[in-house]
Structure formats: C-alpha cells, structure tokens
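Please look over the model shown below before reading on. The notes that follow go through it topic by topic.

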Amino acid sequence: MLEALYAEHGPHILRYLNRIVGPKSSEDVLQDTFVQALCYIERLSDVNIPRAWLFRVARNLAMNVLRKKKMATHIDLDGLVHPASLEDPRLATMRRAIYKLSDNHRETIMLRWYDQLSYKEISQVQDISIGTVRSRLHNSLGQLRMQMDIELAVDP
Amino acid sequence: MNRDLLEQLLMDQALNELSPESTALLDAYLGDHPEMHSLADSIRETVAIGERAVHAELPTRLPPLPKEKLFSHKRTARWSMTARWGSVAASLIIGFGLGISATLLQNKPSQTDSDTIAYHVQSQPVSGGLETARAFWSSQTYMDRYQKNRKDRTQRNENTELQKQIQQFKKRGLL
C-alpha cells in the first residue's frame, strides 16, 4: 500500500517540497513523510483524501526543517522559468505579483496553481475552512489582476 | 446578480471549482449580459497566466522508498510503544501497591490509644500510674482545666483593671 502511495503521490510531494525547502532537503523530507505515513498506515485508510494528508505531513516536516535552519520558505519561482515561457513578459510580471502577496495568500494560490490541489485539499493541508481557501484565492486573484494591470500599463 | 458575486463565480469557474449546474447558469447569465464578457475574459486570462507562470514539471526521478529507514523506524516505534505501555503498567502497579499499603496502615490499630499513653505516663515518675493517665485524658479533667483557665483569665483581667485604677490614683497624687 505504501509503495503504491509513494509511486502515486511521491512526485507531487517532491515537487511541492522542492518549492518549500529547496532541492537539497526535499528528498530527505519526502522520505520522512513516508516514514510518518508508515506509522499511521492503519489510520491512513480512514483518511478521505490521502494526497491532502500526505501534503499536510510533508508541510509540517518541511516547516520543522525551515525552523531548524532558521530559513524562510524557499520560493524560487525564477527557477520555474522554462525557455519557452521567457518569451512572454506577462509571466515574469505575474511571478513578481505573486511574490508580493502575503505568505498565506501566496501559499494558498501556489497550492492551487503549482500543486493543483482542490479547494478541499488545500483546506486540509493548511488546516483552514474551504470558505477561507475560497476567500484567499479570490483576494489573491483580485490583487494579481490589479498588479498585472498596473505593471503592464507602466511597462507594456 | 451584483458584480462582486459575479466575480466570485467567475473566479471559481476559472479555477475549475464550480459545479456543472452552476457553470451552466453562469454561462446563461453571461449570454444575457455581454457587457460582462470582458470581466470574465480578464479573470480567465489572469488564471491562465498564473498557472503558466508557476508551472513546473513533475520530477522524473524519485528517490527510492527508504525501506531500511522505514523498517528500522517501525521497529523503534514498536519498541517505544512497548516501553510506553510498560511504563503505564509499572505506574499502575506502583500506584496499586501504594494504595494497598495505605489501606493496610489505615486499618492497623492506632498506637496512640489510651492504653499506650497510659503506659508511657505510667513509666514517668508520676504518682497514680494508669489511673492518673486515664484521668488525664478524661472529659472531666478537660472540663476542670477549662474552667480553671477561664477563672485565671478573669482574675488576670480584674488585676489589670485594678492596676490601671491604682496608676490613675498615683497620677492624681492620691496615693
């Protein structure tokens, strides 16, 4: 069961951890996540959405790592750029706008866009209500739209 | 429908979180209100750009599942569980033992009953022996001592009053 979970969700969690703790620590945290999963393997069958549960465990472990190293969240959006997207200047503008969001809003929007989690999954990962997830996403989108309009008006 | 609500629905739709029924209703509304098309397009475009801006491929190489680490952790977990239950059992046994000891001590006859005291009093160089000791703890003796103390206190108060009066007389030069 654990191997199946690892094969199915491992890549997604590794990508998520790459973003949070950086590529150096992400593999260790990924392994620790599944060690934790093994401890609660009986309980895992009762969990509605195992992916959200695993993300949450990974998030907690990643936060511990960051706390130990006294690091801020590793967000290397520039590292996400791939050559084709360099051609569209709006993408860089969008990344700058995402940087300017508050930590909570940025994390919520990244869980949606980068990790492609649903509202319900995000609510479980961040331990907040679905209403709060919705509100954070709406606020973030509003801010991003405004920021994009301003930046593109100044530098079209 | 007000603009705020429409924006929220459009955002949910752009984020693929609107149910098919709501999507159909929203599309029908937009069909009747072409002036809102620009708003809908703007929101969809923002979401599309955002998704592209942060898009990252899934990692192709996944580190192997650390089986040794998993099993050693499982063993440790099992031991720690045993240790935890062991400590709970030990605490229960100690608590139970202490409880039984306390109960037994409570039921044991007191060593300070009147006979024992009488024995100790008897061993002192006091005349009367056992009878004296028993009489010492009797209620009659207690009452006698209480009344004597009360009498002494009253007398002491009276003496104080008398002394005050004498001092006053001395001050006035009468004595």
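Against which helices do the buried residues of helix 5 of chain A pack? They pack against helix 6 and helix 8 of chain A, together with helix 3 of chain B. This is a predicted model, in which local features need pLDDT of at least 70, side-chain atom pairs count only at pLDDT 80 or more, and totals for chains, interfaces and linings use all residues. Residues are numbered from 1 along each chain as its sequence is written, while chains are lettered from A and ligands numbered from 1 in the order in which they are written.

**The two chains**

- Chain A has 8 helices and 0 strands, where helices (H or I, at least four residues) and strands (E, at least two) are DSSP runs numbered from the N terminus.
- Chain B comes to 7 helices and 0 strands.
- Of the 156 residues of chain A, 41% count as buried; of the 175 residues of chain B, 9% do.
- A residue is buried if 20 or more other C-beta atoms lie within 10 Å of its own, exposed if 12 or fewer, and partly exposed in between, with C-beta atoms placed from the backbone.
- In chain A, 65% of the contacts between residues at least 6 apart in sequence join residues at least 24 apart.
- The corresponding share in chain B, again among contacts between residues at least 6 apart in sequence, is 31%.
- Two residues are in contact if their C-beta atoms, placed from the backbone, lie within 7 Å.

**Where the chains meet**

- On the chain B side, 26 residues are in contact with 34 residues of chain A.
- Helix 1 (3–14), helix 3 (37–53) and helix 4 (67–107) of chain B each supply at least two residues of the side that touches chain A.
- Helix 3 of chain B gives the most to that side, with 8 residues.
- By class, the side of chain B that touches chain A has 15 nonpolar, 6 polar and 5 charged residues.
- Here Ala, Val, Leu, Ile, Met, Phe, Trp, Tyr, Cys and Pro count as nonpolar, Asp, Glu, Lys and Arg as charged, and the others, Gly among them, as polar.

**Helix 5 of chain A**

- Helix 5 (residues 89–100) of chain A has 12 residues and reaches 17 Å from its first C-alpha to its last, close to the 16 Å expected at 1.5 Å a residue.
- The expected span of a helix is 1.5 Å times one less than its number of residues.
- Its buried residues are A:L91, A:T93, A:M94, A:R95, A:A97 and A:I98.

**Helix 1 of chain A**

- Helix 1 of chain A spans only 23 Å between its end C-alpha atoms, whereas a straight helix of 20 residues would span 28 Å at 1.5 Å a residue.
- Helix 1 of chain A bends by about 50° at A:H9, and a proline, A:P11, follows within four residues.
- The bend at a residue is the angle between axes fitted to the seven residues ending there and the seven starting there.
- Buried residues of helix 1 of chain A include A:L5, A:H9, A:I13 and A:L17.
- The buried residues of this helix pack against helix 2 (23–39), helix 4 and helix 6 of chain A.
- Just after helix 1 of chain A, A:G22 takes a positive phi of about 90°.

**Helix 1 against helix 4 in chain A**

- The axes of helix 1 (residues 2–21) and helix 4 (residues 50–69) of chain A come within 10 Å and cross at roughly 35°.
- Axes are lines fitted to C-alpha atoms, for helices over the stretch in contact, and angles run from 0 to 180 degrees between N-to-C directions.
- Among the residues making the contact are A:L5, A:H9 and A:I13 of helix 1 of chain A and A:L54, A:F55 and A:A58 of helix 4 of chain A.
- By class, this contact has 13 nonpolar, 1 polar and 1 charged residues.

**Residues in loops**

- A:D115 is in the loop between helix 6 (103–113) and helix 7 (119–126) of chain A.
- A:D115 counts as partly exposed because it has 19 C-beta neighbours inside 10 Å.
- Leaving aside its neighbours within four places in sequence, A:D115 is in contact with A:H12, A:Y16 and A:M110.
- A:D127 has a positive phi of about 60° although it is not a glycine, and its place is in the loop between helix 7 and helix 8 (130–154) of chain A.
- B:N16 also has a positive phi of about 60° without being a glycine, and lies in the loop between helix 1 and helix 2 (20–32) of chain B.
- Most residues other than glycine have a negative phi.
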